[in-house]
Amino acid sequence: MMNYNKIKVHIADDHKILIDGVIALLNTEDDIEVEGYSLTGREVINWSSKNTADVLVLDINMPEMDGIEVLKTFQKRNITIKTIILSSLSDPKLVQEMIALGANGFVDKSWANEQIIDAIKVVHNGIQYISEDIKVKLLDLYASDNKETNEPDLLHTDLTEREIAVLKLVANEKSSNEIAEKLNISVKTVETYRRNLYKKLKVKNVVGLAMYAVKNNIV
């Protein structure tokens, strides 16, 4: 029976030695099970058509399609799988692009040993995982983007009461499931509110929403 509760993870990286290291690490966890690996982007796409994993750990730099192309293909084919990006390039603009393409987590390769298990568990629970050092860079980027646009901040009087409630919970790192439960609405409705907030507040991701909430004393 225990197997049903395990988080199944697929690993995609072009370095077999790194895959072996991650597998060895994940095998120390009772509630995580490795469900195969891919060595190229094309293998990931082929695997995704018969996917049985809960979380995909995806390297950005891979032969025969890189991580970005893989995510774009997922988007085109409406394939939804919780994905953690593994990369040695923690450029915030790249992170932003990956998040916009549907990535759920971002871990710097040099910190993979310390962070990958946490990242898998957090992302599996429906919460975005971005390691602290990258989060700081994203906030800096968000702040400088905001300065450049010179647009006045939207007053939250333009947000409905329900949107503010959702924003508050998102900023407190609650997952869509937890928000749905708390507000007694469906997960689909939560996602709609989330999309509306992105549009109204002109932000691209959860970090942007959190920044807005902090700036405007919503949390």
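Which residue's side chain does E191 meet in a salt bridge? I looked that up first, and the partner is R194, with N to O at 3.8 Å.

**Entry: ground rules.** I noted that this is a predicted model, where local features need pLDDT of at least 70 and side-chain atom pairs count only at pLDDT 80 or more, while totals for chains, interfaces and linings use all residues. Residues are numbered from 1 along each chain as its sequence is written, and side-chain values use heavy atoms, with hydrogens and water left out.

**Entry: what I counted as a salt bridge.** I took a side-chain nitrogen of Lys or Arg within 4 Å of a carboxyl oxygen of Asp or Glu. The structure holds five of these, and I went through some of them.

**Entry: E191 and R194.** Both sit in helix 9 (residues 187-201), three residues apart, so about one helical turn separates them. For helices I used DSSP runs of H or I with at least four residues, and for strands runs of E with at least two, numbered from the N terminus. I wrote myself a reminder: an α-helix has 3.6 residues a turn, so residues three or four places apart point the same way.

Next I checked accessibility, calling a residue buried under 20% relative accessible area, exposed over 50% and partly exposed in between (1.4 Å probe, protein chains only). R194 is buried at 10%, whereas E191 is partly exposed at 29%.

**Entry: D20 and K16.** I found this pair joined by a salt bridge of 2.7 Å, N to O. The two are four residues apart in helix 1 (residues 16-26), so again about one helical turn lies between them. D20 is partly exposed at 37%, and K16 is partly exposed at 34%.

**Entry: E29 and K121.** What does E29 form a salt bridge with? I found K121, with the closest N and O atoms 2.7 Å apart. E29 lies in the loop between helix 1 and strand 2 (32-38) and K121 in helix 5 (residues 112-124), so this pair ties together parts 92 residues apart in sequence. K121 is partly exposed, at 26% relative accessibility. I also saw that salt bridges with shared partners join E29, D31 and K121 into one network.

**Entry: the buried side of helix 1.** Which residues of helix 1 are buried? My list reads I19, V22, I23 and L26. They are on the same side of helix 1, because they cover an arc of only 100 degrees around the axis, taken from the directions from the helix axis to the C-beta atoms. These buried residues pack against strand 1 (7-12), strand 2 and helix 5, where contact means heavy atoms within 4.5 Å.
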